[in-house]
Every structure is written in C-alpha cells, then in structure tokens.
Amino acid sequence: MSVGIVLVSHSAKLAEGLAELAAQMAPDVTIVAAGGLADGGIGTDYDEVVAATQRADSGAGVVLLYDLGSAQMTAELAVESLADPSAAFVVDAPLVEGAIAAAVAAQGGADRKAVSEAAASAGAPPDLTLDDGVRDGESSVELTLRNDVGLHARPAAVLVRSIAGLDAEVTVRLGEETADANSVLALMALGARQGDRIEVRAKGAQAEEALTKVKDLVDQNFGE
C-alpha cells in the first residue's frame, strides 16, 4: 500500500502525459490524472478531481499537485468534500518536478507527510555540494556508467528506490560535485552520462549493502 498521487491540470493531455512519465519512475504507485473539463476543454473539473482522489486512495492517503492557481482551488475544494479531508494533502510544488519527486518517495514507502515534503522540496535548487573527500567511517566504490542515458530520470529513480529504507547515508560524486542518492532531482542534476565514472559513498549500518545494490544496478545497466 502506497500513497496515491493526483495531478490536477487545466489540460487533460498535460496531466495524462505527466502521469505516464511519473509512472515510469514509480510503477507500483497509483497516479491519477485529473485534467481538463468534461467536454474536453481547458479548465479544471471539480467532480473529476474528487473522483480521481477517491481512485488514488488505497488506504495510505493521497497527495494532490496542481498546475495553476484555479487548479489549487479546485483541488482544495475536492479535498474538503472527502469523508476524511485529513487523508489528502494539496501541495504547492512545481508540477513536473514535484510529481516525479512525490512518485519516487511514494514508491519507496514514504508516508503522506514525507511524500508531500518531497514534492514541495522539488521547487528548491538541486542539492549538490562540492566534494570534500571520503569521510571517516565511509565506504566507497567507483563505477563507470555504461547505459545509454547515464544517470538521468528513470535510472536515477531506480537507484533511489534500490536504497530506500536502508540504514545508510548514500551519496554519488561526479567530478567535484556530490549529490544525495535519495534525491532523483539531485542525481539528475549531476548530469552523469554514458561513460562517466562516478563514485558512490555510503556510511551507516547497511552501507555495504547499499553499495552492493548500486553496483549491481550499474553492472546491469539499470535494467535498460
């Protein structure tokens, strides 16, 4: 059971396309598009958003994201009409980045609050830091990316999912920049491409398991 996601947009095509994209990152998460008017026009449909929210809720609650101001109002009205309004959150976040971040967090088993926070934080610049070397107690492995697209959207999401729930702090370094391996957007911001050599570092009780999981993914080209 995972948190469901509803994408509220003035455009049915936009919502449907984004739902399709996010589903690639989170295949086990219910992601429902609620875009456009019933007649196919541009706008938001209150009844459709209510129905989408109900379909998305498998018991863990729902997070709703929206594109423009009036879509926020429609989403909030829909949530207020639910039997249990506390079961759904409307989150102020960039729609595309927020949907990806929320979907990956939900896939990893995060609760409604954590999924909402993941979406909201997607509006901040990617959290990249300058490399300061391997820390005490930290293990590392260097890997060469062989898959066609490098560490971009789907591979980054697969990596994040693989280490979700492990008792380990994991980072990925490319050149002088380091990204939190729990953030899809930060990993994508590294711009790691086919042929690049990355260093994966981990610290914690399950550090070695985390490194093994990432190494296996890279060796298997992220399943591509």
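Leaving aside residues up to four places away in sequence, Thr 53 is in contact with Val 6, Val 62, Leu 64, Leu 82 and Ala 88. The model before you is a predicted one. Thr 53 belongs to helix α2, which covers residues 46-56. Is Thr 53 buried or exposed? Its relative accessibility is 2%, and because the cut-off for buried is under 20%, Thr 53 counts as buried.

I now move to the annotated part of the chain. In an unreviewed entry, UniProt lists residues 138-224 as "domain: HPr".

Let us turn to a helix pair. Two packed helices are described by the angle between their axes and the distance between those axes. For helix α6, residues 153-163, and helix α8, residues 207-219, the packing angle is about 150° and the axes lie 9 Å apart. Angles over 145 degrees count as roughly antiparallel, and α6 and α8 are therefore roughly antiparallel to each other. The crossing of α6 past α8 is right-handed.

Which residues make this contact? From α6 come Val 158, Leu 159, Ser 162 and Ile 163; α8 supplies Ala 210, Lys 213, Val 214 and Leu 217. Sorted by class, the contact of α6 with α8 comprises six nonpolar residues, one polar and one charged.

Thank you for your attention.

Notes. Residues numbered from 1 in each chain as written. Predicted model: local features only at pLDDT ≥ 70, side-chain atom pairs only at ≥ 80, totals over all residues. Heavy atoms only, no water. Helix = DSSP H or I, 4+ residues; strand = E, 2+ residues; numbered from the N terminus. Buried < 20%, exposed > 50% of the residue type's maximum accessible area, 1.4 Å probe, protein only. Contact = heavy atoms within 4.5 Å. UniProt positions renumbered as here; feature names shortened; annotations may be inferred. Axes fitted to C-alpha atoms, helices over the stretch in contact; angles between N-to-C directions. Parallel < 35°, antiparallel > 145°, perpendicular 65-115°, else oblique. Left-handed = near helix turned anticlockwise from the far one by under 90°. Nonpolar A, V, L, I, M, F, W, Y, C, P; charged D, E, K, R; others polar.
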